[in-house]
Amino acid sequence: MINLEPPKKAATLINQAYQAASQVLRPISRKYDRAEHSYPTELDMFAAVLDGLNSSGSGGAGAAGVRADTEPGKNAANRNGGNLRTVLGTIEMCWGDVALLLSMPRQGLGNAAIASVANDEQRKRFGTRWAAMAITEPDCGSDSAAITTTATLDGDHYLLNGEKIFVTSGERADAVVVWATLDKDKGRAAIKSFVVEKGTPGFSVERLEHKLGIRASDTAVLRFENCRVPAENLLGNPEIGTKAGFAGAMKTFDNTRPLVAAMAVGLARAALEEIERILTEAGVTVDYDRPADQQHAAAAAYLEMEADYEAAYLLTLESAWMADNRKPNSLQASMAKAKAGRSVVDITLRCVELAGAFGYTEESLLEKWARDAKILDIFEGTQQIQQLIVARRVLGKTSSELK
Amino acid sequence: MGLGLAALTRLAGSKTLERTGLRAPVAHLVGAATKNGFRAAGAAGRTFVSARRLGKPARPTKIGEGDLFDLTPTEEQRMVAETVGEFAAEQLRPAASEADSRLTPPAELLARAAELGITLIGIPEELGGAGTDRSVVTAALIAEALAHGDLGLALAVLAPSAVSTALVRWGDAEQQSTYLPAFTGENVPAAALATQEAKPLFDPFRPAARARRTPGGYRLDGVKSMVPRAAQAELFIVSAALEGPDGHRPALFLVESSTPGLTVEPEPAMGLRGAATGKLRLDQVSLSADALIGGGSPDVFAEAVRLSRLGWAALACGTAKAVLDYVIPYVNERKAFGEPISHRQAVAFSVADMAIEQEGMRLVTLRAAARAEQGRPYAREVALARKLAADKGMRIGSAGVQLLGGHGFVKEHPVERWYRDLRAIGVLEGIVLL
């Protein structure tokens, strides 16, 4: 039966996440935007609550809720599982603050990678650690297959060498999932991911970036110099030769893209609610029945923004729902990420414009949200990468045909 | 009476059309009568008389609230959508170009659509129809599937069901027993929901058409625009501002085409030409007291506007998908500079955008439909679906022509017609009703 409402059984989770967002994250949102690089200590206590939400195994909020469901479903007809719950929780939390959710202990994207591609033993070993994700390098971003960080087998260890940039929570996390190549000449087939624990000799944090937005979240530059990592920390299959390894690593994105889309949806909703409040105070209300062109231009603008928001929201739920039901969702995940990423940028910037000078000053969170929003159209695959993926899928093209 | 869709769902999908003989192409025998600019009295209609009257009006069962997020249609919905989709591909699409230039739908096509039972599915079994639950989602899937064939012909096919659906939803026992039997019989009358007026910034809640109270009932004056199959229609539901103690408020009235003072004239437009659109003039049209629908309730009127906008959103989803489905093989086959043009990001990204926005507007439309059928508030969702259908639907139509270049601009390809048709979304009110 076609029904696009969030499941009733998720109501408690949504409410808990909303309460946390409004009572824990929102009040410290501006503080840590100003105090870039200082650790939001308030989150430690709160992270335990989030662990509780996630420990049920059915997902809560943040990257740790993501999972590759392999166990057969009890209700095979239609599952509303961990991915959908996680997306719903994340929307609420990012309504509170995107950067603070990204800074939340044990909610790193590395955790999502571990959940998606690790074997059972590794999942047990790293499941409780806070793991960041390190893919991008100074000379390679979207083109993940071109990474130059190397991993050389040396006895029962790999030696990692290279530099990684834009690592969210790279300093704070307990471990980092690092993408490296076993053989530069073998292209993407040789790319593997490794869990590198903090304190491993040869692993150092070079510096932290100063950013446009999500300032509460640390973004690190990491260096690996003859960093010895146990061979059993290689996630997935160590064999080169098939594309499966890289495809496996890329599979992480099928699970994390809906999550980033959810972040964008939550942030967009925050901005829409705030501008609606501001417009109402200014005497402008939105009427869903009257034609938009018969209403105040600001109300018409609101309707246009809300329509894009709604499409992004439902595309996000769709991609998570498909993951729950083990339907291949690469196309829908990229659609959701593309739509949510560009919509949140357009919406937050337009909200600043509609709110005028008030929205532009630090008295309002609107200006912060407009800065925070931009990263959501960039990380976990830029707008352009999502368009490439969608285009290749719908046109039936390979990556060598449609570059 | 032909096999209804409900019956069809019990048969094997693709074999159905062959079995019922609905697959053979239709011959376009009807001349272009509506092309000429003459004004005529309404179609000489049948006499609608009250038949077996129920003690109270029959309403379809309401569907309960869903517990889980679910994008999977029911088995019946899947089969209905598939069957109607085949009908659209095999009957509507091939007939669309000629219907567009002749400004009229092929009569045989309409007969077959009636035989397929497209009108029947929204009418409860007690009233001779084939529907049990009132599924707005099923209605949306049907509209979408038909519009994938052709938007103008989809309107021609769906126009009578807008009237029958309004009667099912809001008609009283007398109105239902007088008019609904005709819609479940072999010869389904042409009928139309006429709320649109040719006025800039038109607001359906403030029609210029006026209804005055008379001792016997009401007297209507006004002009309605873009009425599908206006010349053939035997029954109209017309909106007019009804005078009352505290000013005017919009209401719906049943008007038979043979009523004195009612005239129709052709009103060809940019698109939807296969729907034979016309202007409906009401000049001192006298109606009896039982012509008023839903007691003139503002809630009924608001619902009619919303469910009609929902219909347009569903139609836009279908036509936008048709554009996308047409463009994909074209850009893959068309070569420039030694390779398919789809190998260029400028082209490929445009296709990606079409796909993303089409999927987004479809989900928003389905959410609105699902909320409507579950009895949840849905005004917001309909407004958002309509906004996306108008903006993104038009953008998809425009991108379709653009990607075909000069070929998109000529009538050899259907995309120029879809471009014209999709401009109607967001402009037109009424006409369809889910």
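## Where the chains meet

Two residues are in contact if their C-beta atoms, placed from the backbone, lie within 7 Å. By that rule, 39 residues of chain B are in contact with 40 residues of chain A. Helix 8 (298–333), helix 9 (345–373) and helix 10 (379–404) of chain B are the elements that give two or more residues to the side of chain B that touches chain A. Helix 9 of chain B gives the most, with 14 residues. Here helices (H or I, at least four residues) and strands (E, at least two) are DSSP runs, numbered from the N terminus.

Sorted by class, that side of chain B has 25 nonpolar, seven polar and seven charged residues. Ala, Val, Leu, Ile, Met, Phe, Trp, Tyr, Cys and Pro count as nonpolar, Asp, Glu, Lys and Arg as charged, and the others, Gly among them, as polar.

## About the model

This is a predicted model, in which local features need pLDDT of at least 70 and side-chain atom pairs count only at pLDDT 80 or more, while totals for chains, interfaces and linings use all residues. Residues are numbered from 1 along each chain as its sequence is written, with chains lettered from A and ligands numbered from 1 in the order in which they are written.

## Strands of chain A

Strand 7 (residues 219–230) of chain A pairs in the antiparallel sense with strand 3 (residues 157–168) of chain A over nine bridges; strands pair if DSSP finds at least two bridges between them. In this pairing, A:L159 stands opposite A:R228.

Strand 7 of chain A also pairs with strand 6 (residues 203–208) of chain A, in the antiparallel sense over five bridges. There, A:S204 stands opposite A:R223.
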